[in-house]
Amino acid sequence: MIRTLTMAAGLGLLPLATLAQDAPAPDAAPAAPEAPAATAPADPAATYEAARNQLGILQYCQEQGFSGPEAVEAQGRLVALLPEGDAATGDAAEAKGAEGTVSIGGTEVTLSEAVEARGSTVEATCQQIEAAVNEIAPTLPAG
């Protein structure tokens with residue numbers, strides 16, 4: 001089963017912090033609280049597009065020096081767990097993310113505009129996304 005993880009400090013656009021297989025956490029790690037259940041099932045195409053865009057956003061964050069390569073690698077493993085969506089749409093969403101643009105379902109906003117409207121910074125938001133992705137990384141199958 002796929003569960004949605006809300007992005008730390010969310011951008012208010014949608015749950016960008018992607019999706020992961022419900023895998024048991026390693027015995028040494030405490031169980032993380034579950035995200036609230038969604039009211040409607042996630043659209044697999046939108047989920048794939050959001051995950052690919054977040055992969056690009058993490059690449060952008062790494063390029064800016066705001067996060068490390070571990071989150072990019074973990075996000076890539078998350079994307080690989082999803083049912084593959086339209087490759088061209090995914091490629092475009094990832095490319096826009098790598099340019100610092102949140103692009104989901106036809107809505108686009110630069111990361112800097114999105115976080116500024118929430119009273120945050122790109123650096124802080126990158127670090128929050130990185131932390132959320134890295135938190136679930138130990139539960140993912142090796143890629």
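Pro 69 is partly exposed, with a relative accessible area of 47%. Here buried means under 20% relative accessible area, exposed means over 50%, and partly exposed lies in between, using a 1.4 Å probe and protein chains only. The model is predicted, so local features need pLDDT of at least 70 and side-chain atom pairs count only at pLDDT 80 or more, while totals for chains, interfaces and linings use all residues. Residues are numbered from 1 along each chain as its sequence is written, and side-chain values use heavy atoms, with hydrogens and water left out.

Pro 69 is found in helix H2. Helices (H or I, at least four residues) and strands (E, at least two) are DSSP runs, numbered from the N terminus. The C-alpha atom of Pro 69 is separated by 8.1 Å from that of Gln 59, 10 residues apart along the chain. Val 72 also lies in H2. Val 72 is buried, with a relative accessible area of 16%. Its C-alpha atom and that of Gln 62, again 10 residues apart along the chain, are separated by 8.0 Å. Val 72 touches Leu 55, Leu 58, Gln 59 and Gln 62, not counting residues up to four places away in sequence. Contact means heavy atoms within 4.5 Å.

Now take the helices as pairs. Two packed helices are described by the angle between their axes and the distance between the axes. Axes are lines fitted to C-alpha atoms, for helices over the stretch in contact, and angles run from 0 to 180 degrees between N-to-C directions. Angles under 35 degrees count as roughly parallel, over 145 as roughly antiparallel, 65 to 115 as roughly perpendicular and the rest as oblique.

Helix H1 (residues 44–63) packs on H2 (residues 69–81) at about 165°, with the axes 9 Å apart. H1 and H2 are therefore roughly antiparallel. The H1 side of the contact includes Tyr 48, Leu 55 and Leu 58, and the H2 side includes Pro 69, Val 72 and Val 79. By class, this contact of H1 with H2 has 8 nonpolar, 5 polar and 1 charged residues. Ala, Val, Leu, Ile, Met, Phe, Trp, Tyr, Cys and Pro count as nonpolar, Asp, Glu, Lys and Arg as charged, and the others, Gly among them, as polar.

H1 also meets helix H3 (residues 87–98), their axes coming within 6 Å and crossing at roughly 30°. That makes H1 roughly parallel to H3. Among the residues in contact are Arg 52, Gly 56 and Tyr 60 of H1 and Gly 90, Glu 94 and Gly 97 of H3. The residues of this contact of H1 with H3 divide into 7 nonpolar, 6 polar and 5 charged.

H2 has a further partner in H5. The axes of H2 and H5 come within 9 Å and cross at roughly 60°. H2 and H5 are therefore oblique to each other. Glu 70, Ala 71, Ala 74, Gln 75 and Leu 78 of H2 make the contact with Glu 130, Val 133, Asn 134 and Ile 136 of H5.

In soluble globular proteins, nonpolar side chains tend to be buried together. A nonpolar core is a set of buried Ala, Val, Leu, Ile, Met, Phe, Trp, Tyr and Cys residues joined through side-chain atoms within 4.5 Å. The largest one here has 23 residues, and those with the most contacts inside it are Ile 57, Leu 58, Val 102, Leu 111, Val 122 and Val 133. H1, H2, strand E3 (101–104), helix H4 (111–117) and helix H5 (122–136) each give two or more residues to this core. H1 supplies the largest share, 6 residues.
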